[in-house]
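Please look over the sequence and the structure below before reading on. The paragraphs after them go step by step.

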Amino acid sequence: MYDPLHDNIPGINVSYPHSYWADISGDAPKNDGELRGLHEADVVIIGAGFTGLSCAYHLAKEHGIKALVLEANQTAWGCSGRNAGFVLKSSGRKSFTDMAKQWGEEVMRGIYDEMAAGVDTVNGLIAQGIDCDVQPAGYLKVAHKPKKLNDLIALADIQKQQFGYEVEVLSQEEVRSQYMDDKNAYGAIRYQDGFGLNPLKLAWGYQLLARKAGAKIYTGTPVTHWTQTENSQVIKTPSAQIMAKKVVLATNGYTPKGFHPWVNNRFLPVLSQIIVTEPLTDEQIQACNWQTNNVVMDTRALKYYYRKLPDNRILFGGRGAITGKGAEDPYYAKRLLNVLKESFPALHTINYQYAWSGWICMSLDDIPHIFHNNEQNIFYAMGYCGAGLSFSAQAGKRLAEKVAEKTMPDLPIFNRHLPKFPFAPLRRVGQWGYFQYGKMKDKYC
Ligand SMILES: Cc1cc2nc3c(=O)[nH]c(=O)nc-3n(C[C@H](O)[C@H](O)[C@H](O)COP(=O)(O)OP(=O)(O)OC[C@H]3O[C@@H](n4cnc5c(N)ncnc54)[C@H](O)[C@@H]3O)c2cc1C
């Protein structure tokens, strides 16, 4: 599998992975195919995931700028077409308490507002007619140990006080009797506004809107060289060369090795793995008391997440291999299946029918960065730390505003470069160390 720390391009026109989403979503809508020849452009966007597509749509719709989007493989071939489809008011991994300590309450609230706006932006785009199998709203954050419920209650209190956010606290008994009988759930907090959808159909919907507004989406068009002259950025692909005034980097965790000095050594791509089971029978649903389609995540340092899909299959996810080389090893999918069976013993005979993984993008400071440099006219949005479905829509919208030279709120997510990883060549060793620490913490703390 493509590994961003080892490979120089993510591929050329590579098909979608064999995922549940690719299997059930029907035919991909038309795009503009491969770009060929010599071109000039106001704006080139590299990467056709949620970020690139949202940026292209908002540039065209709100600022009258018709960008060229260049995608190495297929639309949403990266994270956007292979995620779990949880739409949540969050991004990054930094807690609101830590934000308040470091930057004060006003900044913390500003960042919260951006994350909340992400969900509004996604809902606004869906409302334009995107059919993406939206499920009934509700997001359960489940305590994986009895003492973790206290942490969740404290979090709910902060969110109620600071943001007026409606958060319900559920006891172990309430979770198991009203939602699902997860033997590893010791209570939960429940947000009313998270929900699950089909992310590939969502991305295809974004593409449709962006093209309708005037953007061009070229697939099978990897950027292989990127240099700069005095007046423009020179972008080369196998069959085209573009002189662009501005370039937006929307490659996130799929950014290839050594791609550009602006982002080299400033992110860590980490594999997240998903399995999707065969459909549950009525007896299995009853035995698990599985009444909900709410999306679920636990409190572990190395988190597990799951949801019941519209056809009664279970999507279950967690961490994957460390390198691209190990990504296809069935060990990781089987490990997820075993955890699912521990949580729901009535599913002891169930198997998975789909298993795939994707590269989420970690930043050193645990926050996303939507940044630009006026002198070089380069823009990027990266580092969502595995929580980017809704935030990418907002990041794309904000990127478009930056390109159109609008003023941004004065927040660290908008005015800071991604920090460099110290000892960057050893990032994977650090990740391995963190996984060992996380395992211990989840077992003993
Ligand atoms: C298994 C998994 C589950 C997840 N679940 C959730 C979830 O439930 N909720 C949530 O909020 N977030 C989730 N995420 C994270 C979320 O999917 C991402 O944050 C989001 O999709 C990032 O979108 P993006 O457009 O920025 O990047 P991507 O979708 O990764 O797009 C980057 C694109 O850039 C292209 N590219 C790279 N290099 C080049 C080049 N040189 N030339 C041209 N194109 C190039 C790639 O081919 C790729 O298509 C999950 C991620 C994974 C992997």
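Predicted model: local features only at pLDDT ≥ 70, side-chain atom pairs only at ≥ 80, totals over all residues.

Residues are numbered from 1 along each chain as its sequence is written, and side-chain values use heavy atoms, with hydrogens and water left out.

The chain is divided into domain 1 (20-84 + 200-266 + 364-434) and domain 2 (134-196 + 270-362), with bounds that come from an automatic or database domain assignment. The contact between them, meaning heavy atoms within 4.5 Å, takes 21 residues from domain 1 and 21 residues from domain 2. The centres of domain 1 and domain 2, taken over C-alpha atoms, are separated by 29 Å.

Both domain 1 and domain 2 give residues to the shell around the ligand, so the ligand lies between them. Of the 38 residues around the ligand, Thr51, Glu71, Ser80, Asn252 and Leu389 come nearest, where a residue is near a molecule if one of its heavy atoms lies within 4 Å of it.

Polar contacts, pairs of N or O atoms within 3.5 Å, can be followed at particular residues. A polar side-chain atom of Ser80 lies 2.5 Å from an oxygen atom of the ligand, and a polar side-chain atom of Asn252 lies 2.7 Å from an oxygen atom of the ligand. At Ala84, a polar backbone atom is 3.1 Å from a nitrogen atom of the ligand.

Notes
Polar contact = N/O pair within 3.5 Å; in protein donor to acceptor, adjacent residues only side chain to side chain.
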